[in-house]
Amino acid sequence: MTKQRVIIENVAPCVDHGKYPAKRIEGDLVNVTADIFADGHDEIMAILSYKHHKDRKWTELELKHLQNDCWEGSFMVPKTGTYQFVIEAWV
């Protein structure tokens, strides 16, 4: 059994614990936040990957550490459709 060192919680935007999609319109900025922390005092890095549902390629950007365990990143919605995003973090 491997020990998970990095925890990602309280991801937003999120509607009813992911049951429904968060909605934006073309041209909106999607502000993604999460609480990210690890055991110990090692430095954490985190990225936000996102894409339109018809695109094959994911776009990645580094999340910015705001304070305590709070991290943030944003992406623009250039066209109508469904977008997916994923947060990854490591020590």
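Biologist: Is Tyr 50 buried or exposed?
Modeller: First a caveat: this is a predicted model, where local features need pLDDT of at least 70, side-chain atom pairs count only at pLDDT 80 or more, and totals for chains, interfaces and linings use all residues. Residues are numbered from 1 along each chain as its sequence is written, and side-chain values use heavy atoms, with hydrogens and water left out. Buried means under 20% relative accessible area, exposed over 50% and partly exposed in between, with a 1.4 Å probe and protein chains only. Tyr 50 has a relative accessible area of 16%, so it is buried.

Biologist: Why is the pair of Tyr 50 and Phe 75 called stacked?
Modeller: The ring centres of Tyr 50 and Phe 75 are 4.2 Å apart. The pair counts as stacked because the planes are at 10°.

Biologist: What is the relative accessibility of Phe 75?
Modeller: Phe 75 counts as buried, and so does Tyr 83. For Phe 75 the value is 3%.

Biologist: At what angle are the planes of Phe 75 and Tyr 83?
Modeller: Phe 75 and Tyr 83 belong to one aromatic cluster with Tyr 50. The ring centres of Phe 75 and Tyr 83 are 6.2 Å apart, and the pair is tilted because the planes are at 40°.

Biologist: Which ring does Lys 51 lie over?
Modeller: Lys 51 is in strand S3. A charge sits over a ring if NZ of Lys or CZ of Arg is within 6 Å of the ring centre and within 35 degrees of the ring normal. Lys 51 is 5.5 Å from the ring centre, over the face of Trp 58.

Biologist: What is the nearest side chain of opposite charge to Lys 51?
Modeller: Lys and Arg count as positive and Asp and Glu as negative, with His and the chain ends not counted. A salt bridge needs a side-chain nitrogen of Lys or Arg within 4 Å of a carboxyl oxygen of Asp or Glu. Lys 51 is buried and has no salt bridge. The nearest opposite charge is 7.1 Å away, on Asp 55.

Biologist: Which backbone atom lies 2.9 Å from a polar atom of the Lys 51 side chain?
Modeller: Asp 55 lies in the loop between S3 and strand S4 (59-62), and at 31% relative accessibility it counts as partly exposed. The atom 2.9 Å from the Lys 51 side chain is the backbone oxygen of Asp 55.

Biologist: What is the relative accessible area of His 52?
Modeller: His 52 is also found in strand S3. His 52 is buried, and its value is 4%.

Biologist: How many strands does the chain have?
Modeller: Along the sequence the pattern reads β-β-β-β-β-β-β. There are 0 helices, and the strands number 7.

Key: Phe/Tyr/Trp six-rings, centres within 6.5 Å; stacked < 30°, edge-to-face > 60°. Helix = DSSP H or I, 4+ residues; strand = E, 2+ residues; numbered from the N terminus. Polar contact = N/O pair within 3.5 Å; in protein donor to acceptor, adjacent residues only side chain to side chain.
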